[in-house]
Amino acid sequence: MPTETFEFQVEARQLLQLMIHSVYSNKDVFLRELVSNASDALDKLRLAKLRDDSLDADVSDLHIELEIDKDTRTLTVRDNGVGMSYDEVGQLIGTIAHSGTAEFLRELRQAQDGAGAEGLIGQFGVGFYSGFMVADEVTLLTRRAGEGQGTRWTSRGEGTYTLERVDDAPQGTSVTLRLKPADPDNQLHDYTSVWKIKEIVKRYSDFITWPIRLVGETGEDGGGTAGPETLNSMKALWARSGEEVSEEEYHELYKHIGHDWREPLETIRLRAEGTFEYQALLFVPSHAPHDLFTQNFRHGLQLYVKRVFIMDDCEALLPPYLRFVKGVVDAQDLSLNVSREILQQDRHIRMMQRRLTKKVLASVKSMMTGDAERYATFWREFGAVLKEGLVTDPDNRDALLAVASFATTHGDGGTATLKQYVERMPDGQDDIWFVTGESREHIDGSPHMEAFRERGIEVLLLTDPVDEMWVDAVGEYEGKRLRSIAKGEVDLGAREDDRSEGEREQQAEEYAGLLDWMRERLDEDVKEVRLSTRLTVSPACLVADASDLTPALENMYRAMGQEVPRTKRVLELNPDHALVKGLNEAYGEREDRSDLTDTAELLYSLAVLAEGGRPKDPARFVRLMADRLERTL
């Protein structure tokens, strides 16, 4: 058959160079990645045969083989799993079909000088390339189960690879590495050493559910060619008691199923007995994946039935707001031939989801009360996604609120729970005050904060997009309303130095004419102009009525393709600000107020800018501002 030569995709070529010139301290992970790929291929074949018994594939002895040849200095990782077709090899090996490729390469470069580089490979699903850390040449021979012809792929990692069709390929995939010379100074071990291969398999892959057999030179470092030796125990960690399993073993399982190189933040075990039995071993990662909020993010737990692998990403086992949780669920009473559609309707699955969700939230609660530092890490990484549940899961809302914390103006800028906020509320305060914005820095400068800051009233600072929605969904906490400082009229109670009611009425009369006039002039943009009780420094601010959507929420809906009518808001003026006082005096003194229209428009635009918005006509705003500045010179 003719051999064709192809060039690697640009990103693949960059990745290859990083692998070939690797300075990682631990190159052993290449074997972990190749064994993990082989295990996945065996899982897929057993599942395919289970669903289509007519598939022409031998599943009588599914296994992984490791073969050492000291004479040729090669190591082969072989499986008799599902295999790949000619087209699949070109697509999966010649390119990196992953949305996070650029991000992966950036993280890989950053991690080169630290131990953290060890497993980034697996995290981004490109483990095959790790072979080039230890090999000068990699050859892949594969045949897809049920097909008659196989494919050979070969590359030296120098920018090109060859593909050819072969007639005598066995079912499955073999990856043969022509190993580089051992180089102890660069942590490049002799991977033709039997004891080294055994040590790597025991450390990283002991829990793999398929037998990993060492064939060929299985005697100690080439001292014989006895029959195949199985290197792994194949014990499912979730089926063993907690006393039998070390933390290190749990962590290695997490790295295998989570494609992560870091240790998990939390390990959660669950065993349910009775009418419906299942075991679960869940992990909370220590870092959020870069694509957690993307539409194509793959989530879900691995589902087994009586130790038989069924599905890699069973989304029905946890709600979407817990999509960051990794792990395994092994059920005793589900059908092996189960589909995703059936899972969505299965009452056992729904029961498992409820129990698993409560278990995860209880673990977060324990973390919160018992280890503040680990909880702070959890909330920093996953708080934004967990808050989605406040909108979508009313049944668990109380449990979610109990583990949720929010940035606050209290103290030195830490966080607080709603419970802590309520406990600190002074007598006479009936509402839980919050403000939403893009960042803490943006919020701290907001005009809406001025009166609250001056009076020492605590405000929760909400900066995640989901905050705009959950506060409306929740509404209140322990009988206290959740209220935005940027919505509705604000009555913070009287102080000794405040104006009396009579003085306020007199001030309202003094400004009545100006307020009516400005409302008419700004009618396209505002529904009302009134005096403010929340401003102490700024001349003006914009507020929404209590039932109105905020500008951020309007923009969010529009970004989702939903039509949202534009909402007019209320312009509030600070009657103690020199600019507003001067405008009121000029309004009272002048018959011709055409010149004041520009000032009113500028005042409105300043309020828009102060909340992080953009003037309706930026060019006109600049002209008006330049004209006013020119007059001051």
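How do the residues of the lining of the largest cavity divide into nonpolar, polar and charged? This is a predicted model. The lining has eight nonpolar residues, four polar and three charged.

**Cavities**
- Three cavities reach 30 Å³ or more.
- The largest cavity has a volume of about 120 Å³.
- Its lining has 15 residues, and S39, D43, H256, Q302 and Y304 lie closest to the centre.

**Second largest pocket**
- This pocket has a volume of about 1000 Å³.
- Its lining counts 39 residues; closest to the centre are P551, A552, N555, R569 and E611.
- Two or more lining residues come from each of β17 (431–436), α14 (440–444), α16 (467–474), α18 (551–559) and α20 (594–610).
- Helix α18 supplies the largest share, six residues.
- The lining splits into 13 nonpolar, 12 polar and 14 charged residues.

- In soluble globular proteins, nonpolar side chains tend to be buried together.
- The largest nonpolar core holds 73 residues, and F324, F378 and L386 touch the most other members.
- Helix α9 (residues 347–370) gives the largest share of this core, eight residues.
- Beyond its neighbours within four places in sequence, F378 contacts L265, V284, F324, V364, M367, G383 and L386.
- A second, separate core has 67 residues, among them L45, A145, I200 and V201.

Notes:
Residues numbered from 1 in each chain as written. Predicted model: local features only at pLDDT ≥ 70, side-chain atom pairs only at ≥ 80, totals over all residues. Heavy atoms only, no water. Core = buried A, V, L, I, M, F, W, Y, C linked by side-chain atoms within 4.5 Å. Buried < 20%, exposed > 50% of the residue type's maximum accessible area, 1.4 Å probe, protein only. Helix = DSSP H or I, 4+ residues; strand = E, 2+ residues; numbered from the N terminus. Contact = heavy atoms within 4.5 Å. 1 Å grid on protein atoms, 1.4 Å probe; cavity = no way out; pocket = protein on both sides within 12 Å on 5 of 7 lines; lining within 4 Å. Points joined across faces, edges and corners; volume = space filled by probe spheres on them. Nonpolar A, V, L, I, M, F, W, Y, C, P; charged D, E, K, R; others polar.
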